[in-house]
Amino acid sequence: MVNPEELLKELNFVPIGEHNGIIKRVKGVISNTKPNPQKLFVAEGIWLASMCLKFGTHIECLIVCPEHIRTPEVAELIKNLSARTQDRFSVSAKVYEKISEKGQPDGIMALAALPQHDISTFVPPEKAVILVIDGVEIPGNAGTMLRMADGAGADAVFFCNRKVRMTHPKLIKSSQGAVLTVPIFEFESVSACREWLYSHGFTVYLADTRAEHFYYDEPFGKNTALIVGSERYGMTREWYDGEYSMIAIPMLGKCDSLNVGVAATVLTYEACVKNKLK
């Protein structure tokens, strides 16, 4: 393997210290405490950085630590990502370990931007399935549902009354890269989201434990929008003002409800199997 120091010199990496503005910027994104209009997130490690490369994610800057570059795989990844950005920086192990969230760092992190999707150009396929996440407050739940939506083959995820920041490190981690693969759209209100769904021929299904109709009895087979609500309050009452169907997951034990991510998984897979595999 090429000597890491020689590799970084060849690729014109600029050495920076702990108090450099770039490091402060990365810390701000990781801490999730400062405004982030560009929707930047930190892609640390071989796996997530490789996902950014694979899906053409915009790379704002690349930060590497030569002391933690141990394999040819990392060296090759650094070369490929370096071609995607002019802002390339190297730091010492001490500095890198202060901003790293990994116990055994790979020595590579990118400050990247989430993909931006325009709802005006989104054309859902026939018998599309869209998961609508209304008011969910826990980043890990939101990320898990994005990961599930990718796995189930959902056509998009809509966020309504969003309470979590899409760049939250816990959301990014729990999504396992799905933030880069699933078309995500945000709506400021229920009415705007519902209007779009109706205008595109979607049947709206509210996940409600009071429903007399169970999810597995629904044939689907048409444009389907599945609405799930927040962990504490459920979905916004405004959803009940329009046209909808209610479906439930039977609770056969002692508890009266499921975690929103689990419920969304059950419903989304059922709809996707019936819409896409039959």
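**Figure 1. The largest nonpolar core of the predicted model.** This core holds 59 residues. Phe41, Ile78, Ile108, Leu131, Leu146 and Leu226 have the most contacts inside it. Leu146 is shown with the residues it touches, leaving aside those up to four places away in sequence. These are Val157, Phe159, Met166, Leu171, Ser175, Ala178, Val179, Val182 and Ile184.

**Figure 2. The open sheet of 5 strands.** The strands follow the order S1-S4-S3-S5-S2, and their pairing is mixed. S1 (14-15) and S2 (40-44) are the edge strands; each has a single partner strand, so one side of each lacks a neighbour in the sheet. S1 pairs with S4 (residues 88-90) in the parallel sense, over 2 bridges. In this pair, Pro15 stands opposite Ser90 of S4.

**Figure 3. The buried residues of helix H4.** Val74, Ala75, Leu77, Ile78, Leu81 and Ser82 are the buried residues of this helix. Viewed along the axis of H4, they fall within an arc of 160 degrees and therefore line one face of the helix. Their cover includes helix H1 (4-10), helix H3 (46-54) and the strands S3, S4 and S5. One of the buried residues, Ile78, is also among those with the most contacts inside the largest nonpolar core.

**Figure 4. Cysteines Cys61 and Cys255.** A search of the whole structure gives 0 disulfides. Cys61 takes part in none, and the nearest cysteine sulfur, that of Cys52, lies 12 Å away. A disulfide would require the two sulfur atoms to be within 2.5 Å. Is Cys61 buried or exposed? Cys61 has a relative accessibility of 2% and counts as buried, because the cut-off for buried is under 20%. Cys255, with a relative accessible area of 57%, is exposed, because the cut-off for exposed is over 50%.

Terms used: Residues numbered from 1 in each chain as written. Predicted model: local features only at pLDDT ≥ 70, side-chain atom pairs only at ≥ 80, totals over all residues. Heavy atoms only, no water. Core = buried A, V, L, I, M, F, W, Y, C linked by side-chain atoms within 4.5 Å. Buried < 20%, exposed > 50% of the residue type's maximum accessible area, 1.4 Å probe, protein only. Contact = heavy atoms within 4.5 Å. Pairing = 2+ DSSP bridges. Helix = DSSP H or I, 4+ residues; strand = E, 2+ residues; numbered from the N terminus. Arc of directions from axis to C-beta.
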